[in-house]
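Please look over the structure below. A short report on selected parts of it comes after.

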Amino acid sequence: MNVTNYHAALTNPMIDSLNKGLGSFQQTIPAAEVSALHWNLLREDLSLPAAILSEERMSHNLQWMQQFVSEYGVKLAPHGKTTMAPKLFARQLAGGAWGITLATAQQTRVAYHHGVRRVIMANQLVGKQNKAIISELMNDPSFDFCCLVDSARSVDQLGAFFQARRQSLHVLLELGVDGGRTGVRNDAQLKAVVEAIARWPGHIVLAGIEVYEGVLKEEADIRHFLQYAVTCAQQLAQEGRFAARAAERPVILTGAGSAWYDVVAEEFAKTDIGLPLDVVLRPGCYLTHDVGIYRAAQAQIQTRNPIARKMRTELQPALQLWAYVQSIPESGKAIIALGKRDAAFDAGLPLPVLHFRPGHAAPIATPAHWQVTGMMDQHAYLQIAEGDDIQVGDMLGFDISHPCLTFDKWRQIAVVNARYDVTDVIQTYF
């Protein structure tokens, strides 16, 4: 999928090269060159379906979240798996982010080759080739990396590997809950992991504590879990388990997906372990937001959190999909050239919000009764009413739920201004 029309691809060598593949980690399209093409979504300069990002709304969301974490005195390492877009990583870092969170060794390598030098890999590092990728990146002394551990066996495997490479790997002890995913479940498992780390002095360094609270659903349970993490961090500090880390840089206490980051900030920001400490939040979806699961989560944050209320603004949905009406085969149904290959559908179907007829002045809001009732690979069923003003060739703009599973369907995403002029192209590396 790409945002270019074929004429532009044929006449612009830079775009032609992009469309033929993304073989080089360094291959990007400068925003100035994109703007010089003078593309506009509503003039049909883009091949639809297309994913677009609102420049205005992204900028708002970037500033909103940075202000939020600053109010709590904590740091931000947004989860890069949401977008896997190095240009967006760069914007987040330039906007004040402390680092970038990633989920795999391959994602980490992509981020590194696009200039990211501080990474929390919020996952276990398992397997020879995955360790080799990280080992190679660690040859750069400016690369600051941590991964998670939750078993003595994992620690010993990492210890043997990095000892052989004469390297020192910093790890975060992951805490988990019964019925959740990874993470130690009890004090006995925690003790086993900590003792395993002690078997590899100089090669495995305990850097801090990590949690993912999103596996829990109730606020009281989440707060209890976070308080347990604080207690563990304080106890390990008292035992001197963070001494090697503290000699080099602050200990890390980190948590927070995109739904409960305010609660994590409240519980972690006041933590004192007697050592320099970086409290790091890791929400990934705030930059683009959505109109589904994360809008619902943010509404709860706006209600329960005093800082969010004080800010008097909210995160705004910045990611849309645009597609053509390609058929109206029967009364009450239009077929849209948009499908499962283009949009997330696991957390709600795309929501039609804008209707534009080429040649008209501007998009208008869609009727409230228009809704997507189902999708196939390349088609969406749009419920309409008899007599509605909708024609083949009309363009529809859709908001989405769950940006993670929309981003990974696109390799190029257009950034547009309020006039729908294309100001940049964001490349993804999934």
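## Basis

This is a predicted model, where local features need pLDDT of at least 70, side-chain atom pairs count only at pLDDT 80 or more, and totals for chains, interfaces and linings use all residues. Residues are numbered from 1 along each chain as its sequence is written, and side-chain values use heavy atoms, with hydrogens and water left out.

Helices (H or I, at least four residues) and strands (E, at least two) are DSSP runs, numbered from the N terminus.

## Asp150

Asp150 sits in the loop between β5 (144-149) and α8 (152-164). Asp150 counts as partly exposed because its relative accessibility is 21%; buried means under 20%, exposed over 50%, and partly exposed in between (1.4 Å probe, protein chains only).

Beyond neighbours within four places in sequence, Asp150 is in contact (heavy atoms within 4.5 Å) with Gln124, Glu174, Thr182, Gly183, Val184 and Val193. A polar atom of the Asp150 side chain lies 2.9 Å from the backbone nitrogen of Gly183. The C-alpha atom of Phe225, 75 residues away along the chain, is 16 Å from that of Asp150.

Helix α4 (residues 55-72) has 18 residues. From first C-alpha to last, α4 reaches 27 Å, close to the expected 26 Å (1.5 Å times one less than the number of residues). Its buried residues include Met58, Leu62, Trp64, Met65, Phe68 and Tyr72. Just after α4, Gly73 takes a positive phi of about 70 degrees.

In α7 (residues 128-138), the buried residues are Lys131, Ala132, Ile133, Ile134, Ser135, Leu137 and Met138. Their cover includes α6 (105-113), β5, α8 and β6 (169-175).

## Helix pairs

Axes are lines fitted to C-alpha atoms, for helices over the stretch in contact, and angles run from 0 to 180 degrees between N-to-C directions. Angles under 35 degrees count as roughly parallel, over 145 as roughly antiparallel, 65 to 115 as roughly perpendicular and the rest as oblique.

The axes of α8 and α9 (residues 187-198) come within 8 Å and cross at roughly 15 degrees. The two are therefore roughly parallel. Ala152, Val155 and Asp156 of α8 meet Ala192, Val193, Ala196 and Ile197 of α9.

Helices α10 (residues 219-238) and α12 (residues 261-268) pack at about 40 degrees, with axes 10 Å apart. That angle makes α10 and α12 oblique to each other. Among the α10 residues in this contact are Ile222, Leu226 and Val230; α12 contributes residues including Val263, Val264 and Phe268.

Notes: Polar contact = N/O pair within 3.5 Å; in protein donor to acceptor, adjacent residues only side chain to side chain.
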